[in-house]
Amino acid sequence: MKIGITRSVLLTSTVLSLGLLGGCATTAEQPAAPAATQNMAEQNAAQAIAAAKATYAEAEAKGYAWTTTAPLIAKAEAAYKSGDYTKASALADKAKLQAEGGINQYYLAMGTRNLEKLRGMQSEMTPAQQAQLKQAEGLFHDSKGKALYDLTEQMLKEMESAKRTSVMVSKGDTLWGIASMPMVYGNPYEWPLIYKANSGKIHDPDLIYPGQNLTIDQHASQAAIDSAIYHAKHRGAWKLGQPTSSDLKYLKGGM
């Protein structure tokens with residue numbers, strides 16, 4: 001009789017122990033408390049608003065902020081203060097998306113400007129650069145502003161570093177035409193710079209001859225460039241075969 005009671009007690013104790021262990025496992029898998037969920041939503045909303053503000057500030061600094069973005073951020077902050085964190089996050093995300101759109105427009109505009117310059121340099125490009133230009137055209141058509149800007153900036157720097165320091169005159173060439181070449185100056189009004197750099201070879205800037213190897217000054221100061229452009233625009237009447245008095249004055253350092 002005592003043995004039966006003892007076994008019964010042991011079995012009961014075992015069952016209770018297993019029940020307690022099972023209870024512990026079930027408790028560990030319970031979902032987070034409502035307070036913890038709300039705290040997470042509040043934190044996410046705060047982060048979303050901060051991200052929207054930072055992105056908007058960047059768009060504003062670039063001059064491409066949308067007029068509808070700031071009001072959206074204000075509404076997100078109001079929702080946050082009222083405790084509607086889901087709405088606050090949604091509004092902040094929308095504002096951030098708008099700001100990103102403005103930033104993309106900025107880079108698209110800058111990249112398009114670069115692309116136009118590069119299109120004028122195609123004749124000077126290597127096959128690899130031609131391939132890059134084609135890639136840039138694709139980015140332009142896909143409206144991928146930042147990628148377009150980065151690629152075209154890199155290409156322009158490469159082209160700039162490869163600018164010519166000398167030119168062999170071909171039949172039909174003029175100082176005006178040579179100066180207008182993208183890999184020379186890209187501006188025909190800078191032709192007097194070539195004239196001055198080759199004054200020992202060129203008697204009349206209106207007469208150059210095939211086979212002449214002309215030096216190209218790629219390190220002229222802004223003052224020298226301004227002086228050259230001024231002379232090109234105010235040179236006055238000229239006669240083939242002889243320099244003008246203004247040409248001679250320019251060579252001596254005058255305007």
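**Close-up 1. Tyrosine 85 in helix 4 of the predicted model.** Tyrosine 85 belongs to helix 4, which covers residues 85-119, and the structure shown is a predicted model. Because its relative accessibility is 12%, tyrosine 85 counts as buried, the cut-off for that class being under 20%. Leaving aside residues up to four places away in sequence, tyrosine 85 touches Gln38, Ala41, Glu42, Ala45 and Tyr80. The C-alpha atom of tyrosine 85 is separated by 8.4 Å from that of alanine 46, although the two residues are 39 residues apart along the chain.

**Close-up 2. The packing of helix 4 against helix 6.** Helix 6 comprises residues 145-161, and its axis is 8 Å apart from that of helix 4, at an angle of about 35°. The crossing in which helix 4 passes helix 6 is left-handed. On the side of helix 4, the residues that meet helix 6 include Asn104, Tyr107, Leu108, Met110 and Arg113. Helix 6 contributes, among them, Gly145, Lys146, Leu148, Tyr149 and Met159. The residues of this contact between helix 4 and helix 6 divide into 10 nonpolar, six polar and four charged.

**Close-up 3. The largest pocket and its lining.** The largest pocket holds about 220 Å³ of space. Its lining consists of 14 residues, and those that lie nearest the centre of the pocket are Trp176, Trp191, Pro205, Asp206 and Arg235. By residue class, the lining of the largest pocket is made up of nine nonpolar, two polar and three charged residues.

Definitions and conventions: Residues are numbered from 1 along each chain as its sequence is written. This is a predicted model: local features need pLDDT of at least 70, side-chain atom pairs count only at pLDDT 80 or more; totals for chains, interfaces and linings use all residues. Side-chain values use heavy atoms; hydrogens and water are left out. Helices (H or I, at least four residues) and strands (E, at least two) are DSSP runs, numbered from the N terminus. Buried means under 20% relative accessible area, exposed over 50%, partly exposed in between (1.4 Å probe, protein chains only). Contact means heavy atoms within 4.5 Å. Axes are lines fitted to C-alpha atoms, for helices over the stretch in contact, and angles run from 0 to 180 degrees between N-to-C directions. A crossing is left-handed if the near helix is turned anticlockwise from the far one by less than a right angle, and right-handed if clockwise. Ala, Val, Leu, Ile, Met, Phe, Trp, Tyr, Cys and Pro count as nonpolar, Asp, Glu, Lys and Arg as charged, and the others, Gly among them, as polar. On a 1 Å grid over the protein atoms alone, a cavity is a set of points where a 1.4 Å probe fits but cannot get out, and a pocket is an open set with protein on both sides within 12 Å along at least five of seven lines; lining residues have an atom within 4 Å of a point. Grid points are joined across faces, edges and corners, and a volume is the space filled by probe spheres set on the points.
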